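This report takes up the pockets of the protein chain and the helices beside them. Please look over the sequence and the structure before reading on.

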Amino acid sequence: MSKYKMLYFRDGNEAQAVIGKVSEIAAGLGYVTQAGPTVGAGNVAALLIAIAQNEVVITKKDHKNVYPNNRS
């Protein structure tokens with residue numbers, strides 16, 4: 001299995017905005033890069049791993065909707 005995974009976004013601006021915001025969140029939680037040209041920047045991969053390992057829990061601001069597939 002490849003260590004690189006792709007995410008699909010409708011356009012480049014959307015991708016840049018989303019990754020930028022998630023990177024800010026990662027940095028704010030202490031998940032930052034340790035090496036390379038972006039040392040200290042938010043590490044999105046580390047944040048995703050923490051979520052998968054239940055170290056970080058995501059909640060929705062309006063958490064009344066108990067059906068995650070219903071986006072209304």
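The second largest pocket has a volume of about 220 Å³, where a pocket is an open set of points on a 1 Å grid over the protein atoms alone at which a 1.4 Å probe fits, with protein on both sides within 12 Å along at least five of seven lines, and where lining residues have an atom within 4 Å of a point. Volume here is the space filled by probe spheres set on the points, which are joined across faces, edges and corners. This pocket is lined by K21, V22, I25, L29, L47, I51, V56 and I58. Helix 1 (12-28) and helix 2 are the elements that give two or more residues to that lining, and helix 1 gives the most, with three. Helices are DSSP runs (H or I, at least four residues), strands are E runs of at least two, and both are numbered from the N terminus.

The model is predicted, so local features need pLDDT of at least 70 and side-chain atom pairs count only at pLDDT 80 or more, while totals for chains, interfaces and linings use all residues. Residues are numbered from 1 along each chain as its sequence is written, and side-chain values use heavy atoms, with hydrogens and water left out.

The largest pocket holds about 280 Å³ of space, and its lining consists of K3, Y4, K5, L7, I19, V44, A45, L48 and I49. Helix 2 (residues 44-52) supplies the largest share of this lining, four residues. The table sets out the residue classes of both linings, with Ala, Val, Leu, Ile, Met, Phe, Trp, Tyr, Cys and Pro counted as nonpolar, Asp, Glu, Lys and Arg as charged, and the others, Gly among them, as polar.

| Pocket | Volume | Lining residues by class |
|---|---|---|
| Largest | about 280 Å³ | seven nonpolar, no polar, two charged |

The protein chain has two helices and zero strands, and 14% of its 72 residues count as buried, meaning under 20% relative accessible area with a 1.4 Å probe, protein chains only. In helix 2 the buried residues are V44, L47 and A50. Seen down the axis of helix 2, these residues fall within an arc of 120 degrees, so they line one face of the helix; the arc is that of the directions from the helix axis to the C-beta atoms. Helix 1 is included in what covers them.

At the start of helix 2, a side-chain oxygen of N43 comes to within 3.2 Å of the backbone nitrogen of A45. Helix 2 is followed by N54, whose phi is positive, near 60 degrees.

Definitions and conventions:
Buried means under 20% relative accessible area, exposed over 50%, partly exposed in between (1.4 Å probe, protein chains only). Contact means heavy atoms within 4.5 Å. A polar contact is a pair of N or O atoms within 3.5 Å; within protein, one must be able to donate a hydrogen and the other to accept it, and residues adjacent in sequence count only if both atoms are side-chain atoms.
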